[in-house]
Amino acid sequence: MAKQVKVKDEVYGTMTLDNKSDIWKVKDKVIIPINNRKCEVVVEVDIYDIMYVENKYGLLPKELIEFHKKHPELLKEDYAIECENDQKAIYKKLIIDNLNDTVSSIERAALEGLEEILSDEPEKYLVGEVGKEKANKLLAAKTKEERLESLVLKRMRVFRDRIEITCTCDWYRHSGGFSINSDYAVMLSLDCMSI
């Protein structure tokens, strides 16, 4: 069994390496207020290069560790560190420093996504996709708050150039989510995401 690696990061807090998925799992959830309701969101950090991380924490077989000591250029350490720094910067910008703007972007993207679905054969699509009860509720919703009532954020993954957050809502039978970068957020079905 592989050695468990737990680190304390200055941006994310305590993280544990999940080398089955090539991600860091952050111990503490992030609270994101969507539609005036607090969503507790699980945070994961994508690992750009698992070989670099495994070498850094001594998880590789001794032969590979010795090999990389002789050929450090193969690990591309500078690039891996640059990727980690970019991830921290986007997380800090979107979640720590400007959460209110990020929430506004998510809510706007959700409303745009719903509006797009409603404009394309709304009742027929919705009833077939999510059932009559949910479809009727969405079609009857008049306010922003009513339309976003079912939106719940679930899991976030931090990538180098964006953050993706999965969600549940009444207008996707299966989970959907958001891709957020410094400029905008867009709502997607889960099969269009990397998370």
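**Aromatic contacts, cysteines and a nonpolar patch**

In this predicted model, the count of aromatic pairs comes to three. One of the pairs joins Trp24 and Tyr57, whose ring centres lie 5.8 Å apart with 80° between the planes, an edge-to-face arrangement. This pair links distant parts of the chain, since Trp24 belongs to strand E3 (residues 23-26), while Tyr57 is placed in the loop between helix H1 (50-56) and helix H2 (62-70), 33 residues apart. The two partners can also be described by their accessibility. Trp24 has a relative accessible area of 7% and is therefore buried, the cut-off for that class being under 20%. Tyr57, at 23% relative accessibility, counts as partly exposed.

A further pair is formed by Tyr48 and Tyr79. The centres of the two rings are 5.0 Å apart and the planes stand at 75°, so this pair is edge-to-face; the class requires planes over 60 degrees apart. Tyr48 lies in the loop between strand E5 (37-46) and H1, and Tyr79 lies in helix H3 (residues 77-97), so the contact ties together parts of the chain that are 31 residues apart in sequence. Tyr48 is partly exposed, with a relative accessible area of 42%, and Tyr79 is partly exposed as well, with a value of 35%.

An aromatic ring also takes part in a contact with a charged group. The charged end of Arg162 sits over the ring of Phe159, at 4.2 Å from the ring centre.

The cysteines come next. A disulfide is a covalent bond between the sulfur atoms of two cysteines. The structure holds zero disulfides. For Cys169, the nearest cysteine sulfur is that of Cys167, at 4.6 Å, and Cys169 is in no disulfide; the criterion asks for sulfur atoms within 2.5 Å. Cys169 is buried, with a relative accessible area of 6%. Cys83 also counts as buried, at 2% relative accessibility.

At the surface, Met51, Leu64, Phe67 and Leu74 form a nonpolar patch, and together these residues have about 310 Å² of accessible area. Leu74 is found in the loop between H2 and H3.

Definitions and conventions:
Residues numbered from 1 in each chain as written. Predicted model: local features only at pLDDT ≥ 70, side-chain atom pairs only at ≥ 80, totals over all residues. Heavy atoms only, no water. Phe/Tyr/Trp six-rings, centres within 6.5 Å; stacked < 30°, edge-to-face > 60°. Helix = DSSP H or I, 4+ residues; strand = E, 2+ residues; numbered from the N terminus. Buried < 20%, exposed > 50% of the residue type's maximum accessible area, 1.4 Å probe, protein only. Lys NZ or Arg CZ within 6 Å of the ring centre and 35° of its normal. Patch = residues over 30% accessible without salt bridge, like charges linked within 9 Å, V, L, I, M, F, W, Y side chains within 5 Å. Areas by Shrake-Rupley, 256 points an atom, 1.4 Å probe, with all protein chains shown as cover. Salt bridge = Lys/Arg side-chain N within 4 Å of Asp/Glu carboxyl O.
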